[in-house]
Amino acid sequence: MDKIRILMLGGTSEASALAGALAGNPRFDVLLSLAGRTIKPSAQPVPVRVGGFGGAQGLATFLQDGCFDLLIDATHPYAVNISNNAAEAVLRSNTRAFALRREPWTPEAADDWQTVADVPHAIAALGAAARRVFLAIGRQEAHYAEAAPQHFYLVRSVDPIDPPLGLPFVETILDRGPFEVEREIELLSARRIDAIIAKNSGGSATYAKIEAARRLALPVIMIERASASALPTVSNVNEALAAIDHLFTLR
C-alpha cells in the first residue's frame with residue numbers, strides 16, 4: 001500500500017505535536033515546512049524543509065510535483081498570507097486540505113482587555129502619556145513601536161530584532177515559551193510594566209502573561225485575529241488525527 005503523503009505548514013507547537021503523532025505511523029510520509037523566520041527552530045520528529053514556495057501557484061506546483069495527498073495548514077493564527085496561499089493552492093492543485101488552528105483565548109471576569117485590529121492600532125491605543133509596556137508580539141512587527149517613542153518597551157522574542165529598534169527606552173529579551181505564571185509576574189513587576197500588548201495566539205505556551213496581567217490588574221491591549229481560514233478547520237491534534245483518519249479510511 002502506498003503511503004499517504006502529507007505536507008504540513010508548521011511553525012507552531014500544534015504542528016510539532018501532530019508531526020510527532022504521525023511520525024511513527026507507517027501509513028504516512030510527512031514533510032514539515034517552516035517559513036524560516038526563526039533562526040534556530042526546534043528539532044522536529046519528521047523531515048523538514050525551510051523557506052517559501054513562491055506564492056499560491058508555487059505551493060500548488062509543489063503539491064502536484066510531490067504527489068501530496070493532503071495539505072495541513074498548521075501555521076500561526078496570524079500567518080495570514082501563507083494561510084491564504086494555502087487555501088488558493090489546494091484549489092489549483094485539487095489537493096485535500098484542512099487547517100489546524102488553536103482556539104483563541106477568551107477574557108475572564110477579572111481581565112481588562114481592549115481589543116484592536118492590528119499592531120499600529122495597539123501602539124496608538126497606548127495614548128500620548130509615557131507608559132511602561134510589555135510588547136509581547138515577537139520581532140516581526142515590533143518596529144511599529146517606533147511611532148510612539150515616548151514609552152518604555154520591554155520586547156521579548158525568540159530571535160534578535162534586526163535591525164535593532166530605533167527607540168530611546170527599550171529592553172529586549174530573547175526567550176522561547178512555554179512560560180510560567182510566577183516568572184511572568186516577577187518580570188512584569190521588576191520592570192514596573194503598566195500595560196501589555198499581545199496577540200490572541202491561543203494555546204498554553206504563552207498564556208502565562210495573560211494570567212499574570214490578571215493577577216496584577218494590568219490592562220491588555222489584545223490584537224484580534226484576522227478572518228478565519230478558508231479551509232475546514234480543527235482546533236487540536238486529536239481532532240486533526242480524526243480528520244486524517246476520516247479522509248483516508250478507505251485507502
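The structure is a predicted model, in which local features need pLDDT of at least 70, side-chain atom pairs count only at pLDDT 80 or more, and totals for chains, interfaces and linings use all residues. Residues are numbered from 1 along each chain as its sequence is written, and side-chain values use heavy atoms, with hydrogens and water left out.

The chain has seven helices and twelve strands. These are DSSP runs numbered from the N terminus, helices being H or I of at least four residues and strands E of at least two. Along the principal axes, the C-alpha atoms fill a box of roughly 65 × 35 × 30 Å.

Of the 251 residues, 45% count as buried. Buried means under 20% relative accessible area, exposed over 50%, and partly exposed in between (1.4 Å probe, protein chains only). Contacts are heavy atoms within 4.5 Å. Among contacts with a separation of 6 or more, 66% join residues 24 or more positions apart.

Helix H5 spans residues 181-190, and its buried residues are Val 181, Glu 184, Ile 185, Leu 187 and Leu 188. Seen down the axis of H5, they fall within an arc of 165 degrees, so they line one face of the helix. The arc is that of the directions from the helix axis to the C-beta atoms. An α-helix has 3.6 residues a turn, so residues three or four places apart point the same way. Arg 183, Glu 186 and Ala 190 are exposed on the other side of H5. Cover for the buried residues of H5 includes strands S7 (132-136), S8 (152-157), S9 (170-174) and S10 (195-199), and helix H6 (208-216). Just after H5, Arg 192 takes a positive phi of about 55 degrees.

Ala 87 sits in helix H3 (residues 80-93). Its relative accessibility is 13%, so Ala 87 counts as buried. Beyond neighbours within four places in sequence, Ala 87 is in contact with Ala 230 and Leu 231.

Ser 235 lies in the loop between strand S12 (233-234) and helix H7 (237-247). Ser 235 counts as buried because its relative accessibility is 18%. Leaving aside neighbours within four places in sequence, Ser 235 contacts Leu 100, Arg 101, Arg 102 and Glu 103.
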